[in-house]
Amino acid sequence: ERTRLDNAHQTLALLQGSLQATSTNQVKLLEPAAAGTALPSQIQLKMLVGSAAGFIMALTLALAAEYFDDMIRTAEDLAQAAGVPVLGTLSRHTAWLGLRHRRLVVRAMPTSRVAEGYRLLSTKLLLSSPNAPTSRSVLISSAQGEDNASEIAANVAATLAQTGARVILVDANLRRPIIAQLFDIGHRRGLTDALANP
């Protein structure tokens, strides 16, 4: 027992001497700390980089959509795409869906904004080529099915007739001819009859 205790003391003394002899676990001050701002955390840095990347992507998509957008939304877009001037624009009129005598806006509501648009268009049609002969043809058509070109043609013809011009209105809408109904004239012969039997 005594021998074991002496051996343990000797081992402990050897360990203590070796620990004091080595330079482990020593801290030396190489340079004093300088006052400054704290570095941002990783979460804040990631949020900042993500926000910047999202903004750049959104800006790129918006510019690409604007560059590749070829839709015609205004009269200026139409004039630029077609290369010809626009004589006028007409606003939609809810009475077009009503009774037939209300579809002739220039007669039913002569002081309305829509009737004024027809008068302006008719004036521009008359003045568009002043050196042309008195007999000229104007074709009114529509690229979309919901636009009623026959009603527009009837209102333009009525406005031109109100200026004293001689007007011949031909209803060439073979699917839905309505000019005879708008002016309350009887159905006698149509365009196909006139072309088939001159």
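These legends describe the whole protein and then several close-up views of a predicted model.

In this predicted model, local features need pLDDT of at least 70 and side-chain atom pairs count only at pLDDT 80 or more, while totals for chains, interfaces and linings use all residues. Residues are numbered from 1 along each chain as its sequence is written, and side-chain values use heavy atoms, with hydrogens and water left out.

Figure 1. Along the sequence the pattern reads α-α-α-α-α-α-α-α-α. Helices (H or I, at least four residues) and strands (E, at least two) are DSSP runs, numbered from the N terminus. The protein has 198 residues, and buried ones make up 16% of them. Buried means under 20% relative accessible area, exposed means over 50%, and partly exposed is in between (1.4 Å probe, protein chains only). The accessible surface comes to about 16,600 Å². Carbon and sulfur atoms hold 60% of that surface. Accessible areas come from the Shrake-Rupley method with a 1.4 Å probe; for residues, only the protein chains shown count as cover. Take the contacts between residues at least 6 apart in sequence: 47% of them join residues at least 24 apart. A contact means heavy atoms within 4.5 Å.

**Figure 2. D171 sits in the loop between helix 7 (149-162) and helix 8 (179-182).** D171 counts as buried because its relative accessibility is 18%. Its side chain reaches the backbone nitrogen of N173 at 3.2 Å. A polar atom of the D171 side chain also lies 3.1 Å from the backbone nitrogen of I179. Such polar contacts are pairs of N or O atoms within 3.5 Å; within protein, one must be able to donate a hydrogen and the other to accept it, and residues adjacent in sequence count only if both atoms are side-chain atoms. Leaving out residues up to four places away in sequence, D171 touches S150, P177, I178, I179 and L191.

**Figure 3. L174 is also in the loop between helix 7 and helix 8.** L174 has 59% relative accessibility, so it counts as exposed. L174 and T192 are 18 residues apart in sequence. In space, their C-alpha atoms are 8.4 Å apart.

**Figure 4. R119 and E116 meet in a salt bridge.** Side chains of opposite charge can pair when their charged atoms come close. The N to O distance here is 3.1 Å. A salt bridge is a side-chain nitrogen of Lys or Arg within 4 Å of a carboxyl oxygen of Asp or Glu. A search of the whole structure finds one. Both residues, R119 and E116, lie in helix 6 (residues 113-127). They are three residues apart, about one turn of the helix. R119 is partly exposed, at 25% relative accessible area. E116 is partly exposed too, at 45%.

**Figure 5. Y67 and F68 form an edge-to-face aromatic pair.** The structure holds one aromatic pair. The ring centres of Y67 and F68 are 5.0 Å apart, with 80 degrees between the planes. Rings of Phe, Tyr and Trp (its six-membered ring) pair if their centres lie within 6.5 Å; planes under 30 degrees apart count as stacked, over 60 as edge-to-face and the rest as tilted. Y67 is exposed, with a relative accessible area of 67%. F68 is exposed, at 63%.
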